[in-house]
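Please read it with the sequence and the structure side by side.

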Amino acid sequence: MLEFERSGLIEEACGVVGVVGHPEAASIAYLALHALQHRGQESVGIAAADGLRLRAVRRMGKVSEAISKDDLAGLPGRLAAGHVRYATAGESSLRNAQPLTVQLKFGSVAIAHNGNITNASTIRRELEARGSIFHTDVDTEVIAHLIARSEADSLDGALAEALRPLEGAYSLVVLSADAAYAVRDPRGVRPLSIGRLGDAWMIASETCALDLVRASWERDVEPGEMLRFGSDGTMLSSFPFEKRAPKPCIFELIYFARPDSVVFGRGVYETRVKMGERLARESAVEADCVIPVPDSGVPAAIGFARASRIPYELGLIRSHYVGRTFIEPTGSIRDFGVKLKLNPVRRLLEGKRVIIIDDSIVRGTTCKKLVTLVREAGAAEVHFRVASPPTMWPCYYGIDTPSRDQLIAANHELDAIREFIQADSLAYLSLEGLRDATGSQPGSAASDASFCEACLTGHYPAGIIESADRREAY
Ligand code: SF4
(Lines give C-alpha, C1' and ligand atoms only; values in the text may rest on other atoms or scores of the structure.)
Protein backbone atom coordinates (compact mmCIF):
# COMPACT_ATOMS: atom_id res chain seq x y z
CA MET A 1 0.00 0.00 0.00
CA LEU A 2 1.08 3.54 -0.49
CA GLU A 3 3.06 4.33 2.59
CA PHE A 4 2.00 7.95 2.58
CA GLU A 5 -1.65 6.87 2.49
CA ARG A 6 -1.41 4.83 5.64
CA SER A 7 -3.76 6.96 7.65
CA GLY A 8 -7.04 5.12 7.91
CA LEU A 9 -5.59 2.06 6.21
CA ILE A 10 -3.17 -0.18 8.05
CA GLU A 11 -1.19 1.82 10.57
CA GLU A 12 2.20 0.81 11.76
CA ALA A 13 2.97 -0.82 15.00
CA CYS A 14 5.14 1.35 17.23
CA GLY A 15 8.90 1.27 17.61
CA VAL A 16 10.97 0.90 20.77
CA VAL A 17 14.68 1.31 21.52
CA GLY A 18 16.96 0.94 24.53
CA VAL A 19 20.57 1.93 25.17
CA VAL A 20 22.61 0.75 28.16
CA GLY A 21 26.14 1.79 29.05
CA HIS A 22 26.75 4.61 26.58
CA PRO A 23 27.82 8.13 27.65
CA GLU A 24 25.38 9.65 25.14
CA ALA A 25 22.58 7.17 25.60
CA ALA A 26 19.74 9.64 24.88
CA SER A 27 21.37 10.82 21.64
CA ILE A 28 21.90 7.23 20.50
CA ALA A 29 18.25 6.49 21.29
CA TYR A 30 17.25 9.59 19.29
CA LEU A 31 19.17 8.38 16.24
CA ALA A 32 17.79 4.86 16.57
CA LEU A 33 14.25 6.26 16.75
CA HIS A 34 14.93 8.08 13.47
CA ALA A 35 15.46 4.70 11.82
CA LEU A 36 12.18 3.46 13.31
CA GLN A 37 10.16 6.49 12.25
CA HIS A 38 8.21 4.39 9.73
CA ARG A 39 6.69 2.51 12.70
CA GLY A 40 4.98 5.59 14.09
CA GLN A 41 4.81 9.32 13.47
CA GLU A 42 2.34 10.66 15.99
CA SER A 43 4.54 11.04 19.01
CA VAL A 44 8.06 10.37 20.19
CA GLY A 45 9.55 10.03 23.63
CA ILE A 46 12.92 9.40 25.22
CA ALA A 47 13.68 8.59 28.85
CA ALA A 48 17.22 8.58 30.23
CA ALA A 49 18.72 7.50 33.54
CA ASP A 50 22.02 8.40 35.19
CA GLY A 51 22.05 5.84 37.99
CA LEU A 52 20.16 8.10 40.38
CA ARG A 53 17.46 9.90 38.44
CA LEU A 54 15.27 9.09 35.50
CA ARG A 55 14.12 11.93 33.22
CA ALA A 56 11.85 11.83 30.18
CA VAL A 57 10.71 13.97 27.26
CA ARG A 58 7.58 13.21 25.24
CA ARG A 59 6.42 15.24 22.28
CA MET A 60 3.88 15.09 19.48
CA GLY A 61 5.30 14.78 15.99
CA LYS A 62 8.23 13.18 14.22
CA VAL A 63 11.60 12.58 15.84
CA SER A 64 13.58 15.28 14.01
CA GLU A 65 10.89 17.95 14.48
CA ALA A 66 9.78 17.08 17.99
CA ILE A 67 13.01 16.47 19.92
CA SER A 68 15.46 19.37 20.21
CA LYS A 69 19.13 19.57 21.13
CA ASP A 70 18.06 21.12 24.43
CA ASP A 71 15.78 18.15 25.08
CA LEU A 72 18.71 15.79 24.63
CA ALA A 73 20.95 17.96 26.78
CA GLY A 74 18.38 17.59 29.56
CA LEU A 75 18.55 13.79 29.37
CA PRO A 76 21.94 12.87 30.88
CA GLY A 77 22.95 9.34 31.76
CA ARG A 78 24.24 6.09 30.34
CA LEU A 79 20.82 4.45 30.00
CA ALA A 80 17.96 5.43 27.70
CA ALA A 81 14.67 4.11 26.34
CA GLY A 82 12.76 5.54 23.38
CA HIS A 83 9.45 5.12 21.63
CA VAL A 84 7.74 6.24 18.42
CA ARG A 85 4.00 5.94 18.20
CA TYR A 86 1.73 5.73 15.19
CA ALA A 87 -0.42 8.66 14.05
CA THR A 88 -3.83 9.37 15.46
CA ALA A 89 -5.67 12.65 15.64
CA GLY A 90 -6.01 14.85 18.67
CA GLU A 91 -3.95 16.93 21.05
CA SER A 92 -4.90 14.76 23.95
CA SER A 93 -2.78 11.98 22.50
CA LEU A 94 0.26 13.51 24.22
CA ARG A 95 -0.92 11.92 27.44
CA ASN A 96 -0.70 8.57 25.64
CA ALA A 97 2.82 9.21 24.35
CA GLN A 98 5.54 6.91 25.60
CA PRO A 99 7.78 5.95 27.36
CA LEU A 100 5.24 6.03 30.17
CA THR A 101 7.01 7.10 33.37
CA VAL A 102 5.73 6.14 36.82
CA GLN A 103 6.92 6.35 40.42
CA LEU A 104 7.01 2.94 42.06
CA LYS A 105 8.43 1.57 45.28
CA PHE A 106 11.46 0.62 43.16
CA GLY A 107 11.93 4.26 42.13
CA SER A 108 11.10 5.84 38.76
CA VAL A 109 10.40 3.47 35.90
CA ALA A 110 9.86 4.20 32.19
CA ILE A 111 7.99 1.74 29.97
CA ALA A 112 8.07 1.71 26.14
CA HIS A 113 5.68 -0.80 24.59
CA ASN A 114 5.02 -2.13 21.10
CA GLY A 115 2.00 -4.40 20.71
CA ASN A 116 -1.54 -4.76 22.00
CA ILE A 117 -2.65 -6.59 25.11
CA THR A 118 -5.91 -8.30 24.29
CA ASN A 119 -7.11 -8.70 27.88
CA ALA A 120 -6.03 -5.20 28.98
CA SER A 121 -9.60 -3.92 29.31
CA THR A 122 -10.62 -6.77 31.59
CA ILE A 123 -7.55 -6.31 33.79
CA ARG A 124 -8.06 -2.56 33.80
CA ARG A 125 -11.66 -2.90 34.99
CA GLU A 126 -10.51 -5.23 37.78
CA LEU A 127 -7.78 -2.80 38.78
CA GLU A 128 -10.19 0.14 38.73
CA ALA A 129 -12.63 -1.82 40.87
CA ARG A 130 -9.79 -2.22 43.39
CA GLY A 131 -9.08 1.51 43.40
CA SER A 132 -6.47 2.05 40.67
CA ILE A 133 -6.76 5.39 38.91
CA PHE A 134 -5.68 5.48 35.26
CA HIS A 135 -4.33 8.58 33.56
CA THR A 136 -3.99 7.35 29.96
CA ASP A 137 -5.85 5.14 27.49
CA VAL A 138 -2.89 2.93 26.71
CA ASP A 139 -2.44 -0.69 27.75
CA THR A 140 1.04 0.16 29.02
CA GLU A 141 -0.50 1.77 32.07
CA VAL A 142 -2.05 -1.59 32.96
CA ILE A 143 1.49 -2.98 33.12
CA ALA A 144 2.55 -0.08 35.36
CA HIS A 145 -0.35 -0.71 37.78
CA LEU A 146 0.35 -4.44 37.86
CA ILE A 147 4.02 -3.74 38.69
CA ALA A 148 2.91 -1.33 41.43
CA ARG A 149 0.60 -3.92 42.98
CA SER A 150 3.18 -6.71 42.93
CA GLU A 151 4.53 -7.85 46.29
CA ALA A 152 7.83 -8.94 44.72
CA ASP A 153 10.84 -7.33 46.36
CA SER A 154 12.67 -6.47 43.12
CA LEU A 155 11.70 -4.77 39.88
CA ASP A 156 12.75 -7.95 38.04
CA GLY A 157 10.25 -10.01 40.03
CA ALA A 158 7.50 -7.41 39.87
CA LEU A 159 7.87 -7.01 36.09
CA ALA A 160 7.66 -10.75 35.49
CA GLU A 161 4.65 -10.98 37.81
CA ALA A 162 2.94 -8.07 36.07
CA LEU A 163 3.39 -9.53 32.60
CA ARG A 164 2.36 -13.11 33.42
CA PRO A 165 -1.45 -12.59 33.19
CA LEU A 166 -1.24 -10.60 29.95
CA GLU A 167 -2.52 -11.96 26.63
CA GLY A 168 -1.66 -10.53 23.24
CA ALA A 169 1.52 -8.92 22.05
CA TYR A 170 4.22 -6.94 23.79
CA SER A 171 7.78 -6.09 22.97
CA LEU A 172 8.93 -3.89 25.84
CA VAL A 173 11.85 -1.77 26.90
CA VAL A 174 11.66 -0.88 30.59
CA LEU A 175 14.09 1.51 32.25
CA SER A 176 14.86 2.10 35.91
CA ALA A 177 17.46 4.48 37.29
CA ASP A 178 20.22 1.88 36.95
CA ALA A 179 19.03 -0.96 34.69
CA ALA A 180 17.11 -1.66 31.50
CA TYR A 181 14.91 -4.60 30.58
CA ALA A 182 13.90 -6.02 27.21
CA VAL A 183 10.92 -8.35 27.15
CA ARG A 184 9.08 -10.14 24.38
CA ASP A 185 5.73 -11.85 24.88
CA PRO A 186 5.72 -15.67 24.85
CA ARG A 187 4.49 -15.76 21.24
CA GLY A 188 7.06 -13.21 20.08
CA VAL A 189 4.49 -11.43 17.91
CA ARG A 190 6.45 -8.17 17.51
CA PRO A 191 10.18 -8.14 16.78
CA LEU A 192 12.89 -7.02 19.22
CA SER A 193 16.63 -7.22 18.57
CA ILE A 194 19.73 -6.83 20.72
CA GLY A 195 22.87 -5.13 19.47
CA ARG A 196 26.28 -3.99 20.70
CA LEU A 197 27.78 -0.59 20.27
CA GLY A 198 31.30 -0.86 21.67
CA ASP A 199 30.71 -1.83 25.30
CA ALA A 200 27.13 -0.57 25.24
CA TRP A 201 24.03 -2.69 24.72
CA MET A 202 21.27 -1.69 22.35
CA ILE A 203 17.70 -2.90 22.04
CA ALA A 204 15.59 -2.05 19.00
CA SER A 205 12.38 -3.08 17.26
CA GLU A 206 14.28 -3.50 14.00
CA THR A 207 17.89 -3.99 13.01
CA CYS A 208 17.85 -0.90 10.77
CA ALA A 209 18.03 1.11 14.03
CA LEU A 210 21.20 -0.77 14.99
CA ASP A 211 22.69 -0.14 11.55
CA LEU A 212 22.18 3.61 11.79
CA VAL A 213 24.36 3.93 14.89
CA ARG A 214 26.80 1.26 13.64
CA ALA A 215 25.84 -1.19 16.34
CA SER A 216 26.29 -4.87 15.55
CA TRP A 217 23.34 -7.23 15.77
CA GLU A 218 23.87 -9.82 18.49
CA ARG A 219 20.61 -11.75 18.46
CA ASP A 220 16.85 -11.34 18.82
CA VAL A 221 15.15 -11.30 22.20
CA GLU A 222 13.57 -14.76 22.26
CA PRO A 223 9.79 -15.15 22.54
CA GLY A 224 9.00 -15.23 26.27
CA GLU A 225 12.45 -13.95 27.26
CA MET A 226 13.12 -11.21 29.79
CA LEU A 227 16.58 -9.65 29.71
CA ARG A 228 18.03 -7.42 32.39
CA PHE A 229 20.87 -5.14 31.35
CA GLY A 230 22.80 -3.75 34.31
CA SER A 231 24.71 -0.48 34.14
CA ASP A 232 27.83 -2.57 34.89
CA GLY A 233 27.49 -4.19 31.43
CA THR A 234 25.89 -7.46 32.57
CA MET A 235 23.03 -9.09 30.67
CA LEU A 236 20.88 -11.63 32.48
CA SER A 237 18.35 -13.76 30.63
CA SER A 238 15.30 -15.48 32.08
CA PHE A 239 12.11 -17.07 30.76
CA PRO A 240 9.56 -16.30 33.48
CA PHE A 241 6.40 -16.94 31.44
CA GLU A 242 4.47 -20.02 30.42
CA LYS A 243 5.89 -21.31 27.16
CA ARG A 244 3.72 -20.78 24.06
CA ALA A 245 4.20 -21.62 20.38
CA PRO A 246 5.96 -18.61 18.77
CA LYS A 247 3.73 -16.62 16.40
CA PRO A 248 5.71 -13.73 14.91
CA CYS A 249 3.69 -11.31 12.78
CA ILE A 250 3.85 -12.22 9.09
CA PHE A 251 2.90 -8.63 8.18
CA GLU A 252 6.23 -7.39 9.52
CA LEU A 253 7.74 -9.24 6.56
CA ILE A 254 5.01 -8.29 4.09
CA TYR A 255 4.85 -4.59 4.85
CA PHE A 256 5.66 -3.10 8.26
CA ALA A 257 9.38 -3.62 8.69
CA ARG A 258 11.88 -1.64 6.69
CA PRO A 259 13.35 -3.64 3.80
CA ASP A 260 16.89 -3.13 5.14
CA SER A 261 15.99 -4.80 8.44
CA VAL A 262 16.38 -8.42 9.43
CA VAL A 263 13.35 -9.52 11.44
CA PHE A 264 12.60 -12.97 12.82
CA GLY A 265 15.88 -14.14 11.27
CA ARG A 266 14.84 -13.14 7.77
CA GLY A 267 16.13 -10.37 5.57
CA VAL A 268 13.01 -8.32 4.84
CA TYR A 269 14.17 -7.22 1.38
CA GLU A 270 15.11 -10.69 0.17
CA THR A 271 11.90 -12.17 1.59
CA ARG A 272 9.81 -9.63 -0.32
CA VAL A 273 11.77 -10.36 -3.51
CA LYS A 274 10.95 -14.05 -3.00
CA MET A 275 7.27 -13.18 -2.55
CA GLY A 276 7.40 -11.38 -5.90
CA GLU A 277 9.15 -14.27 -7.59
CA ARG A 278 6.60 -16.71 -6.27
CA LEU A 279 3.74 -14.41 -7.29
CA ALA A 280 5.11 -14.32 -10.85
CA ARG A 281 5.17 -18.10 -10.98
CA GLU A 282 1.63 -18.34 -9.59
CA SER A 283 -0.06 -15.68 -11.69
CA ALA A 284 1.93 -15.05 -14.87
CA VAL A 285 0.49 -12.67 -17.41
CA GLU A 286 1.90 -11.38 -20.70
CA ALA A 287 3.00 -7.79 -20.31
CA ASP A 288 5.61 -5.24 -21.40
CA CYS A 289 6.69 -3.95 -18.01
CA VAL A 290 6.40 -4.53 -14.25
CA ILE A 291 6.06 -1.42 -12.10
CA PRO A 292 6.00 -1.17 -8.29
CA VAL A 293 3.78 0.96 -6.13
CA PRO A 294 6.58 2.99 -4.51
CA ASP A 295 8.01 2.20 -2.04
CA SER A 296 6.02 -0.67 -0.59
CA GLY A 297 5.88 -2.76 -3.78
CA VAL A 298 9.50 -2.32 -4.90
CA PRO A 299 11.20 -5.52 -3.68
CA ALA A 300 8.27 -7.72 -4.74
CA ALA A 301 8.18 -6.04 -8.17
CA ILE A 302 11.91 -6.73 -8.59
CA GLY A 303 11.25 -10.38 -7.76
CA PHE A 304 8.25 -10.54 -10.08
CA ALA A 305 10.22 -9.00 -12.96
CA ARG A 306 13.17 -11.32 -12.35
CA ALA A 307 11.04 -14.46 -12.34
CA SER A 308 8.82 -13.44 -15.26
CA ARG A 309 11.66 -11.89 -17.34
CA ILE A 310 9.48 -8.88 -17.94
CA PRO A 311 11.38 -5.55 -17.66
CA TYR A 312 11.18 -3.78 -14.30
CA GLU A 313 10.45 -0.07 -14.68
CA LEU A 314 9.70 2.84 -12.40
CA GLY A 315 6.39 3.77 -13.95
CA LEU A 316 5.14 5.77 -10.99
CA ILE A 317 7.36 8.52 -9.60
CA ARG A 318 6.85 9.45 -6.00
CA SER A 319 7.13 12.97 -4.67
CA HIS A 320 9.30 12.92 -1.58
CA TYR A 321 8.03 16.28 -0.40
CA VAL A 322 4.40 15.51 0.30
CA GLY A 323 3.29 16.60 3.72
CA ARG A 324 -0.22 17.25 4.80
CA THR A 325 -2.18 19.24 2.29
CA PHE A 326 -5.01 21.46 3.39
CA ILE A 327 -6.13 22.69 -0.02
CA GLU A 328 -7.81 20.21 -2.28
CA PRO A 329 -9.75 21.40 -5.30
CA THR A 330 -13.18 19.88 -5.50
CA GLY A 331 -14.72 18.37 -8.59
CA SER A 332 -12.49 19.63 -11.37
CA ILE A 333 -9.34 17.68 -10.51
CA ARG A 334 -10.05 14.07 -9.83
CA ASP A 335 -7.79 11.93 -7.62
CA PHE A 336 -5.86 14.98 -6.55
CA GLY A 337 -4.56 13.24 -3.45
CA VAL A 338 -2.86 10.41 -5.31
CA LYS A 339 -1.61 12.72 -8.08
CA LEU A 340 0.05 14.91 -5.53
CA LYS A 341 2.04 11.93 -4.37
CA LEU A 342 2.59 9.87 -7.52
CA ASN A 343 2.98 10.80 -11.14
CA PRO A 344 3.00 8.22 -13.95
CA VAL A 345 5.82 8.25 -16.52
CA ARG A 346 3.59 8.74 -19.54
CA ARG A 347 6.23 8.06 -22.19
CA LEU A 348 7.10 4.78 -20.56
CA LEU A 349 3.54 3.57 -20.09
CA GLU A 350 1.89 4.70 -23.32
CA GLY A 351 0.57 1.73 -25.29
CA LYS A 352 2.14 -0.77 -22.87
CA ARG A 353 0.70 -3.77 -21.07
CA VAL A 354 1.57 -2.93 -17.48
CA ILE A 355 1.70 -5.07 -14.32
CA ILE A 356 1.42 -3.05 -11.09
CA ILE A 357 2.81 -4.75 -7.97
CA ASP A 358 1.95 -3.86 -4.40
CA ASP A 359 2.38 -5.62 -1.07
CA SER A 360 -1.28 -5.70 -0.04
CA ILE A 361 -4.75 -4.28 -0.68
CA VAL A 362 -6.76 -2.96 2.24
CA ARG A 363 -9.84 -1.00 1.16
CA GLY A 364 -9.09 -1.06 -2.55
CA THR A 365 -9.73 2.65 -3.08
CA THR A 366 -6.06 3.54 -3.53
CA CYS A 367 -5.52 0.65 -5.97
CA LYS A 368 -8.41 1.90 -8.02
CA LYS A 369 -6.85 5.36 -8.23
CA LEU A 370 -3.51 3.89 -9.24
CA VAL A 371 -5.02 1.75 -11.99
CA THR A 372 -6.86 4.83 -13.28
CA LEU A 373 -3.66 6.87 -13.16
CA VAL A 374 -1.73 4.31 -15.19
CA ARG A 375 -4.58 3.89 -17.67
CA GLU A 376 -4.90 7.66 -18.11
CA ALA A 377 -1.17 7.71 -18.86
CA GLY A 378 -1.93 5.59 -21.92
CA ALA A 379 -1.37 2.00 -20.76
CA ALA A 380 -3.04 -0.50 -23.08
CA GLU A 381 -3.65 -3.02 -20.28
CA VAL A 382 -3.30 -2.75 -16.50
CA HIS A 383 -2.82 -5.93 -14.45
CA PHE A 384 -2.63 -5.78 -10.64
CA ARG A 385 -0.62 -8.30 -8.63
CA VAL A 386 -0.53 -8.39 -4.83
CA ALA A 387 2.46 -9.93 -3.05
CA SER A 388 0.41 -11.30 -0.12
CA PRO A 389 -2.88 -13.17 0.31
CA PRO A 390 -6.09 -11.13 0.75
CA THR A 391 -6.25 -9.13 4.01
CA MET A 392 -9.60 -10.24 5.44
CA TRP A 393 -9.42 -9.80 9.20
CA PRO A 394 -8.43 -7.00 11.57
CA CYS A 395 -5.32 -7.19 13.74
CA TYR A 396 -5.55 -7.18 17.53
CA TYR A 397 -1.83 -7.37 18.23
CA GLY A 398 -0.52 -3.86 17.76
CA ILE A 399 -1.46 -2.87 14.22
CA ASP A 400 -4.40 -0.58 13.74
CA THR A 401 -6.36 -2.07 10.83
CA PRO A 402 -9.79 -1.04 9.61
CA SER A 403 -12.72 -3.13 10.76
CA ARG A 404 -13.72 -6.14 8.71
CA ASP A 405 -16.53 -4.34 6.94
CA GLN A 406 -13.96 -1.96 5.42
CA LEU A 407 -11.54 -4.64 4.20
CA ILE A 408 -12.44 -5.16 0.56
CA ALA A 409 -11.30 -8.80 0.45
CA ALA A 410 -13.49 -9.66 3.44
CA ASN A 411 -16.59 -8.63 1.58
CA HIS A 412 -15.94 -9.26 -2.11
CA GLU A 413 -14.86 -12.10 -4.38
CA LEU A 414 -11.72 -11.72 -6.48
CA ASP A 415 -13.54 -10.72 -9.65
CA ALA A 416 -15.63 -8.11 -7.85
CA ILE A 417 -12.43 -6.57 -6.46
CA ARG A 418 -10.88 -6.62 -9.94
CA GLU A 419 -13.93 -4.89 -11.29
CA PHE A 420 -13.88 -2.32 -8.48
CA ILE A 421 -10.24 -1.38 -9.04
CA GLN A 422 -10.85 -1.53 -12.82
CA ALA A 423 -7.86 -3.74 -13.58
CA ASP A 424 -7.72 -6.10 -16.56
CA SER A 425 -6.66 -8.86 -14.21
CA LEU A 426 -5.98 -9.24 -10.50
CA ALA A 427 -4.17 -11.92 -8.52
CA TYR A 428 -2.92 -12.33 -4.96
CA LEU A 429 -0.04 -14.44 -3.68
CA SER A 430 -1.36 -17.70 -2.23
CA LEU A 431 -0.96 -18.50 1.46
CA GLU A 432 1.20 -21.46 0.47
CA GLY A 433 3.33 -19.16 -1.67
CA LEU A 434 3.72 -16.72 1.21
CA ARG A 435 4.75 -19.54 3.54
CA ASP A 436 7.28 -20.77 1.01
CA ALA A 437 8.72 -17.28 0.53
CA THR A 438 9.01 -16.70 4.28
CA GLY A 439 10.34 -20.20 4.99
CA SER A 440 7.42 -20.99 7.26
CA GLN A 441 5.90 -23.78 5.20
CA PRO A 442 5.68 -26.84 7.44
CA GLY A 443 8.43 -29.20 6.34
CA SER A 444 10.43 -26.60 4.42
CA ALA A 445 14.14 -26.45 5.18
CA ALA A 446 13.98 -22.97 6.66
CA SER A 447 10.86 -23.64 8.67
CA ASP A 448 11.57 -22.48 12.21
CA ALA A 449 8.53 -20.34 12.72
CA SER A 450 4.87 -20.65 12.22
CA PHE A 451 3.76 -17.05 11.84
CA CYS A 452 0.70 -15.23 13.04
CA GLU A 453 -1.36 -14.98 9.85
CA ALA A 454 -4.59 -13.96 11.56
CA CYS A 455 -5.35 -10.99 9.30
CA LEU A 456 -5.17 -13.40 6.36
CA THR A 457 -6.82 -16.46 7.89
CA GLY A 458 -8.89 -15.29 10.87
CA HIS A 459 -7.07 -17.76 13.16
CA TYR A 460 -6.02 -15.61 16.11
CA PRO A 461 -3.28 -17.22 18.18
CA ALA A 462 -3.48 -14.83 21.16
CA GLY A 463 -7.16 -13.99 21.62
CA ILE A 464 -9.07 -11.00 20.31
CA ILE A 465 -10.20 -7.69 21.74
CA GLU A 466 -13.95 -7.28 21.86
CA SER A 467 -14.79 -4.39 19.56
CA ALA A 468 -16.47 -2.43 22.34
CA ASP A 469 -13.25 -2.65 24.30
CA ARG A 470 -10.94 -1.91 21.42
CA ARG A 471 -8.28 0.57 22.40
CA GLU A 472 -5.64 2.28 20.41
CA ALA A 473 -2.93 0.07 19.03
CA TYR A 474 0.60 1.01 19.90
S1 SF4 B 1 -3.13 -10.26 12.71
FE2 SF4 B 1 -1.83 -9.79 10.93
S3 SF4 B 1 -0.88 -7.81 11.38
FE4 SF4 B 1 -1.70 -8.62 13.32
S5 SF4 B 1 -0.01 -9.73 14.28
FE6 SF4 B 1 -1.14 -11.24 13.12
S7 SF4 B 1 -0.16 -11.25 11.08
FE8 SF4 B 1 0.50 -9.41 12.15
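Predicted model: local features only at pLDDT ≥ 70, side-chain atom pairs only at ≥ 80, totals over all residues.

Phe-264 sits in the loop that runs between strand 14 (262-263) and strand 15 (266-267), and its phi is near 55°, a positive value in a residue other than glycine. Because 24 other C-beta atoms lie within 10 Å of it, Phe-264 is buried.

**Backbone geometry**

- Most residues other than glycine have a negative phi, and most peptide bonds are trans.
- Is Arg-309 buried or exposed? With 8 other C-beta atoms within 10 Å, Arg-309 is exposed, whereas Phe-264 is buried.
- Gln-98 and Pro-99 are joined by a cis peptide bond whose omega is about 5°, and Pro-99 belongs to the loop between strand 4 (79-85) and strand 5 (100-104).
- Another cis peptide bond leads from Pro-294 to Asp-295, with omega near -10°; Asp-295 is in the loop between strand 16 (289-292) and helix 10.

**Helix 9 and helix 10**

- Two packed helices are described by the angle between their axes and the distance between the axes.
- For helix 9 (residues 268-282) and helix 10 (residues 298-308), the axes come within 6 Å and cross at roughly 45°, and the two helices are therefore oblique to each other.
- The crossing of helix 9 and helix 10 is right-handed.
- On the side of helix 9, the residues that make the contact include Tyr-269, Arg-272, Val-273, Met-275 and Leu-279, while those of helix 10 include Pro-299, Ile-302, Phe-304 and Arg-306.
- Sorted by class, the contact of helix 9 with helix 10 has 11 nonpolar, 3 polar and 5 charged residues.

**Surroundings of the ligand**

- The residues around the ligand are Val-189, Cys-249, Ile-250, Phe-251, Cys-395, Tyr-397, Ile-399, Cys-452, Glu-453, Ala-454 and Cys-455.
- Helix 8 (250-256) and helix 17 (454-457) are the elements that give two or more residues to this shell.
- By class, the shell holds 10 nonpolar residues, no polar residues and 1 charged residue.

**Helix 1 and Arg-55**

- Helix 1 (residues 25-35) is mostly covered, with 10 of its 11 residues buried; among these buried residues are Ile-28, Tyr-30, Leu-33 and His-34.
- Leaving aside residues up to four places away in sequence, Arg-55 touches Ala-47, Ala-48, Gly-74 and Leu-75.
- Although Arg-55 and Ala-80 are 25 residues apart in sequence, they are 9.3 Å apart in space, C-alpha to C-alpha.

**The chain as a whole**

- The chain has 17 helices and 21 strands, and buried residues make up 55% of its 474 residues.
- Of the contacts in the chain with a separation of 6 or more, 72% are accounted for by residues 24 or more positions apart.

Terms used
Residues numbered from 1 in each chain as written. Near = placed C-beta within 6 Å. Helix = DSSP H or I, 4+ residues; strand = E, 2+ residues; numbered from the N terminus. Nonpolar A, V, L, I, M, F, W, Y, C, P; charged D, E, K, R; others polar. Axes fitted to C-alpha atoms, helices over the stretch in contact; angles between N-to-C directions. Parallel < 35°, antiparallel > 145°, perpendicular 65-115°, else oblique. Left-handed = near helix turned anticlockwise from the far one by under 90°. Contact = placed C-beta atoms within 7 Å. Buried ≥ 20, exposed ≤ 12 C-beta atoms within 10 Å, placed from the backbone.
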